[in-house]
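Colleague: I would like to learn how to read a model of this kind, feature by feature. Could we go through it together?

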There are 2 protein chains.
Amino acid sequence: MRIGELAERAGTSTRTLRYYESQGLVCPGRSANGYRIYDEAELRVVHEIRALLAVGFGLDDIRPFVACLRAGNSSGDVCPDSVAVLRRKLAEVDDYLDRLGAVRHQLHDQLARAIAHREETCLRTRNRAD
Amino acid sequence: MRIGELAERAGTSTRTLRYYESQGLVCPGRSANGYRIYDEAELRVVHEIRALLAVGFGLDDIRPFVACLRAGNSSGDVCPDSVAVLRRKLAEVDDYLDRLGAVRHQLHDQLARAIAHREETCLRTRNRAD
DNA sequence: GGTTGCCTTGACGTCGGCGGCAAGGTTTAG
DNA sequence: CTAAACCTTGCCGCCGACGTCAAGGCAACC
């Protein structure tokens, strides 16, 4: 299969596939005229990449998962390196959730105070008008 | 006060202050030799900018808060435009928290399955070794 | 007058995951 | 014969909040 077909079947663009190749994530063969040739397994790989990207992984983090798939595993998750990345990412997400929760709290308070202040000012203005 | 002093007192860099100016967030006067001259109020403004940036606001979102401070309010939060931004940002954060929670859930499951799979494989391997 | 330390504008670099365009080669269909 | 539809490499653009020179002007002190 050539790059256009893979791109369509993977729901992405040829530009993206070439970019992944430049990053060492996919390594297609070449036909006589220089066209990239992908086998079916690469479709799986690209799907894995896309799924992990969607979760917020960077391409660097994804590399172990691809290697794991290439090693013949049914899932890219099961190799030690992948598990390590999963653990780290989970910790990062937990950390980010904490900080984002704090931010939410602060924004909530800030908004509440601003509204309270506005109502108070509004009342004073009305009283002056009386 | 010149730019170096303001930068130090605000805990940032001169480059940053010049950037804020290019974005219309601070507007210092000029002395005869062309040096930027800031008054004390600008320190307050820069602190406001930094605080909001730290919470995850973009410079565009911050503009109303600065305008509110400039209008003579004791807080940058109390003007209608600022409140609108606060509301929007709070909604954005809530949304992001939801999605990040879902991601956390998925990562957690993915990790659990990967570990379970590894233990199972390990058992099978041991059994074969028996 | 030389050095040091401020200040000025301007322009390019950073990070990541691509989009988009240019200039060309290949293959197929009409 | 030519147009269409693929493919190739290569390079610039994007976003945002700056960092980092570069080249030069101004002020103060010894």
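Colleague: What is the mean pLDDT of chain A, and which of its elements have the lowest and the highest mean?

Modeller: The pLDDT is the predictor's confidence in each residue, from 0 to 100. Where pLDDT is low, the predicted coordinates should not be read in detail. Chain A averages 93, and 94% of its residues score at least 70. Among the elements of chain A, α5(A) has the lowest mean, 89, whereas strand β2 (residues 36-37) has the highest, 98.

Colleague: How many helices and strands does chain A have, and in what order do its elements run?

Modeller: Helices (H or I, at least four residues) and strands (E, at least two) are DSSP runs, numbered from the N terminus. Chain A has five helices and two strands, and from the N terminus on its elements follow the order α-α-β-β-α-α-α. The radius of gyration of chain A is 25 Å, well over the 14 Å that the globule rule gives for 130 residues, so the chain is more spread out than a compact globule; the radius is taken over C-alpha atoms, and the rule is 2.2 Å times the number of residues to the power 0.38. Along its principal axes the C-alpha trace of chain A spans about 90 × 35 × 20 Å.

Colleague: What share of the residues in chain A is buried?

Modeller: A residue is buried if 20 or more other C-beta atoms, placed from the backbone, lie within 10 Å of its own, exposed if 12 or fewer, and partly exposed in between. By that count, buried residues make up 22% of the 130 residues in chain A.

Colleague: Which element gives the largest share of the side of chain A that touches chain B?

Modeller: Two residues are in contact if their C-beta atoms, placed from the backbone, lie within 7 Å. In this model 27 residues of chain A are in contact with 27 residues of chain B. Helix α5 (residues 80-129) of chain A gives the largest share of the side that touches chain B, 23 residues. That side divides into 14 nonpolar, six polar and seven charged residues, where Ala, Val, Leu, Ile, Met, Phe, Trp, Tyr, Cys and Pro count as nonpolar, Asp, Glu, Lys and Arg as charged, and the others, Gly among them, as polar.

Colleague: Which residues come nearest to the DNA strands?

Modeller: A residue is near a strand if its C-beta atom, placed from the backbone, lies within 6 Å of it. Of the 17 residues around DNA strand C, Thr16(A), Gly58(A), Arg2(B), Gly4(B) and Arg36(B) come nearest. Helix α2 (14-22) of chain A, together with α1 (3-10) and α2 of chain B, are the elements that give two or more residues to this surface. The surface near DNA strand C has five nonpolar, seven polar and five charged residues. Around DNA strand D there are 16 residues, the closest being Arg2(A), Gly4(A), Arg36(A), Thr16(B) and Gly58(B).

Colleague: Where does Ile3(B) lie, and which residues does Ile3(B) touch?

Modeller: Ile3(B) lies in helix α1 of chain B and counts as partly exposed, with 18 C-beta neighbours inside 10 Å. Not counting residues up to four places away in sequence, Ile3(B) touches Thr14(B), Leu17(B) and Arg36(B). Thr14(B), in helix α2 of chain B, is 11 residues from Ile3(B) in sequence and 6.1 Å in space, C-alpha to C-alpha.

Note on methods: Residues are numbered from 1 along each chain as its sequence is written. Chains are lettered from A and ligands numbered from 1 in the order in which they are written. This is a predicted model: local features need pLDDT of at least 70, side-chain atom pairs count only at pLDDT 80 or more; totals for chains, interfaces and linings use all residues.
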